[in-house]
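This briefing is meant to be read beside the sequence and the coordinates.

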Amino acid sequence: MSKRRIKKVAVLGSGVMGSRIACHFANIGLEVLLLDIVPRELNEKEKAKGASIEDKSVRNRIVNEAFSTAIKSKPAPLYSKSYTNRVSLGNFDDDLEKVAHCDWVIEVVVERLDIKKVVFEKVEKYRKEGSIISSNTSGIPIELMLEGRSEDFQKNFLGTHFFNPPRYLELLEIIPSSKTDASLVDFLLDYGRKYLGKKTVLAKDTPAFIANRIGVFSIMSLFHTVKEMNLSVEEVDKLTGPILGRPKSATFRTCDVVGLDTLIHVANGVRENCPDDERKSSFEIPAYVQKMADNGWLGSKSQQGFYKKIKGEDGKSQILSLDLNTLEYSAQEKVKFDSIGKAREIDDIKERTRVLVNHPDKGGEFYRKSFYELFSYVSYRLPEISDELFRIDDGVRAGFGWQLGPFESWDALGLKETLDKMKEAGADVAAWIQEMVDAGHESFYKVEKGVKHYYDVSSKSYLPIPGTEDLVVLDNLREEHTIWKNKGTTIIDLGDGILNLEFHSKMNTIGAETIQGINKAIDLAEKEYDGLVIYNTGGNFSAGANVGMIFMMAVEQEYDELSFAIKQFQNTMMRVRYSSIPVVVATHQMALGGGCELSMHADKVIAHAETYMGLVEFGVGVIPGGGGSKEFALRLSDGLKEGDIRINAFRERFLTIGQAQVATSGKEAFEMGYLRDGIDEVIVSRELQLTRAKKATIELVEKGYTQPIERTDIKVLGQEALGIVYVGANTMKSGNYISEHDQLISEKLGYVLAGGDLSERTEVSERYLLDLERKAFVELCMKRKTLERLQSIVSKGKVLRN
């Protein structure tokens with residue numbers, strides 16, 4: 001059997017999901033065909049132009065408008081605007097025959113079985129033998145779509161349920177039918193993870209599959225609980241948000257975003273199609289929720305749901321919350337729970353969960369009731385919706401953004417201890433749970449030799465989670481392989497001569513402990529190991545420098561100490577660049593300010609596709625002071641070819657920093673100059689990122705890594721560039737486009753990038769540029785306007801980021 005290759009994909013249906021699925025396939029470099037129906041009649045605009053229903057622009061109007069809306073939407077569905085040319089648009093009547101050239105055809109039309117069957121009948125006329133056909137249905141049984149289809153169609157057909165928005169939500173459920181070829185299932189489980197960056201979850205063909213079945217149960221159960229406990233909308237969202245390791249949107253804001261009608265549709269579907277579900281009563285719609293639906297209060301799509309945004313008397317926007325008893329909107333009340341206050345300073349999500357659930361206040365009571373109902377429910381879903389418990393955790397984490405899945409949460413609270421408390425509270429569980437405990441098993445998961453194992457119900461033993469046996473996972477190594485740590489960092493032995501340094505400060509900001517950790521990791525690697533990876537499992541790689549430290553030194557006018565601290569930061573970045581061992585940095589999410597500077601000094605960056613990188617110091621009144629300004633000057637020097645107009649390239653680099661531009665993806669970071677073509681890489685799978693970073697470090701070692709020599713040949717423009725900077729900044733100030741302080745920052749930045757007030761183009765050293773950079777940084781910190789901006793950021797608890 002020949003190896004499958006996916007080169008071209010067809011997406012049938014250009015609605016919100018279809019257009020964005022098409023965009024994500026374009027993100028990974030595939031050619032995409034996006035089709036939709038032909039309009040039945042001309043619209044007013046077309047009539048005014050005298051267009052005909054046969055005109056191509058009219059026949060493609062629906063798909064054209066849908067795709068145009070998608071690429072303009074926020075958050076952006078494409079890694080780069082240039083990727084729009086990878087998507088071809090058309091309609092079902094004129095272009096469906098083009099699916100003959102596609103390796104994968106994905107149906108994303110309206111959720112009606114009769115319409116889907118018509119689409120599949122037409123597709124079968126043109127598809128090539130062996131091509132994959134899948135449906136993005138969120139709940140229609142896959143088996144029902146097979147009727148009348150050929151044997152080849154049936155064995156290559158299955159459900160592929162993406163979550164919205166497809167670029168950003170990690171989950172992809174793979175739902176085979178009874179006729180699906182097993183090798184196709186294995187292929188897509190691997191393809192989704194490796195190429196699409198998804199957490200691929202094998203689900204059975206049951207109502208709502210895995211994530212929505214559990215996630216919507218959790219929401220519906222909560223709908224009933226809040227009324228029983230007389231909790232407010234604000235209280236519930238405070239209890240079920242980030243403090244519990246869940247998204248900021250928590251519960252009721254999530255409902256508003258998803259749409260109350262969508263939740264009701266899924267809940268009704270489960271209740272009607274799962275007659276044997278022991279908790280089907282939980283899926284009954286509470287009276288207050290039904291009343292909201294009847295009123296059309298569906299959430300964001302109707303401008304009001306559990307929350308409502310209005311304009312106050314002062315003209316400022318105000319968000320009101322719904323009183324679930326009176327169904328009237330009022331100003332939000334401040335929420336306070338002792339349980340949250342006690343747990344807030346605990347970083348470890350497992351420990352924090354224990355504190356929250358075991359607290360005696362009303363919040364703790366809510367947590368116990370909610371978790372016990374959830375634990376009971378998931379225990380009965382095996383083997384109904386999945387044969388393996390880890391797939392339930394994977395589905396809920398990836399689909400709903402929970403840091404801990406249900407069984408992982410149960411482990412965090414203690415399996416037997418929690419089971420005993422559940423019995424006391426009258427919550428029952430499936431028989432296999434008690435059998436597991438009676439057999440002496442103490443958890444659903446355990447780690448053996450760096451590999452995570454799960455309890456397999458059928459074999460009553462622990463098995464490795466498939467596909468993870470060869471992965472490098474910090475959570476599986478941290479306990480036994482940590483060799484050094486301080487308050488802000490931990491050094492872990494990854495094996496094969498490679499160390500890993502992880503940050504764990506607030507938002508992984510870079511302060512004194514981080515600088516110490518970087519130097520210690522390099523010390524250890526140079527003495528006893530071969531290479532170093534800098535990677536972490538936090539929400540962000542690094543949101544920048546510790547602004548509080550900078551502000552305190554500046555406000556106390558301790559400028560010598562500030563200069564020393566900046567020099568220490570610069571020296572550390574230079575050590576990353578010029579150590580005797582290779583240093584590979586693996587970024588994800590925010591890599592701003594100092595986090596960006598660290599990346600720019602690495603031997604190689606393995607950036608996750610969702611890396612948002614930028615030098616944003618300008619926004620707080622300073623310039624990049626940790627080698628970022630120097631590095632842009634160096635890259636400007638290296639990037640120009642003979643005959644290039646150097647001053648234009650200078651202006652482009654200047655504006656990237658001067659406008660605090662942040663790349664919205666790893667791909668865009670190359671376009672902005674933060675990442676280097678031919679050296680740095682982007683990987684779409686967060687799960688595979690550390691494994692790739694370790695391998696890349698080993699590759700550098702095996703190639704014969706030699707410590708680089710500091711650069712002394714950086715070509716700078718001097719007065720030639722300074723003139724452009726000064727004239728431009730003065731013009732912007734005269735036109736009231738920037739403030740006087742912004743003009744000063746612009747001139748300081750230009751001075752560093754130009755290499756100072758040099759009369760001609762000159763070659764200078766990195767150390768020379770670092771001295772200019774540090775001097776400019778400290779001088780700007782002496783200015784009142786900079787202090788005001790720093791104070792504003794510190795007072796809001798922010799870090800040095802945009």
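In which loop is Pro75 found? Pro75 is found in the loop between α4 (61–72) and β3 (87–91), and a cis peptide bond, with omega about -5 degrees, joins Lys74 to this proline. The model is a predicted one, and the points below are grouped by topic.

**Domains**

- The domain assignment divides the protein chain into domain 1 (8–202), domain 2 (211–435 + 454–461) and domain 3 (475–786).
- The centres of domain 1 and domain 2, taken over C-alpha atoms, are separated by 32 Å, and the two are in contact through 9 residues of domain 1 and 8 residues of domain 2.

**Helices α15 and α16**

- Helix α15 (residues 349–358) and helix α16 (residues 362–379) have axes that come within 6 Å and cross at roughly 105 degrees, which makes α15 roughly perpendicular to α16.
- On the α15 side the contact is made by Thr353, Leu356, Val357 and Asn358, and on the α16 side by Gly364, Tyr367, Arg368 and Phe371.
- Sorted by class, the contact of α15 with α16 comprises 4 nonpolar, 3 polar and 1 charged residues.

**Helices α17 and α18**

- The axes of helix α17 (residues 389–400) and α18 come within 7 Å, with a crossing angle of roughly 105 degrees, and α17 and α18 are therefore roughly perpendicular to each other.
- Leu389, Ile392, Asp393, Val396 and Arg397 of α17 make this contact with Pro406, Phe407 and Glu408 of α18, and by class there are 5 nonpolar, no polar and 3 charged residues in the contact.
- Helix α18 (residues 406–413) is mostly covered, since 7 of its 8 residues are buried; these are Pro406, Phe407, Glu408, Ser409, Trp410, Ala412 and Leu413.
- After α18 comes Gly414, whose phi is positive, near 95 degrees.

**Arg692 in helix α29**

- Arg692 is found in helix α29 (residues 686–702) and counts as buried because its relative accessibility is 19%, where the cut-off for buried is under 20%.
- The side chains of Arg692 and Glu681 are joined by a polar contact of 2.7 Å.
- When neighbours within four places in sequence are left aside, Arg692 is in contact with Lys604, Ile606, Glu681, Ile683 and Glu699, so that Glu681 is listed among these contacts as well as being the partner in the polar contact.

**Backbone details in loops**

- A further cis peptide bond, with omega about 0 degrees, joins Asn164 and Pro165, and Pro165 is found in the loop between β6 (157–162) and β7 (171–176).
- Ala250, although it is not a glycine, has a positive phi of about 50 degrees; Ala250 lies in the loop between α10 (233–239) and α11 (252–258) and is buried, with a relative accessible area of 11%.
- Lys449 is likewise a residue other than glycine with a positive phi, here near 55 degrees, and its place is in the loop between β12 (445–448) and β13 (451–456).
- Lys449 is exposed, with a relative accessible area of 88%, whereas Ala250 is buried.

Notes:
Residues numbered from 1 in each chain as written. Predicted model: local features only at pLDDT ≥ 70, side-chain atom pairs only at ≥ 80, totals over all residues. Heavy atoms only, no water. Axes fitted to C-alpha atoms, helices over the stretch in contact; angles between N-to-C directions. Helix = DSSP H or I, 4+ residues; strand = E, 2+ residues; numbered from the N terminus. Parallel < 35°, antiparallel > 145°, perpendicular 65-115°, else oblique. Contact = heavy atoms within 4.5 Å. Nonpolar A, V, L, I, M, F, W, Y, C, P; charged D, E, K, R; others polar. Buried < 20%, exposed > 50% of the residue type's maximum accessible area, 1.4 Å probe, protein only. Polar contact = N/O pair within 3.5 Å; in protein donor to acceptor, adjacent residues only side chain to side chain. Domains from an automatic or database assignment.
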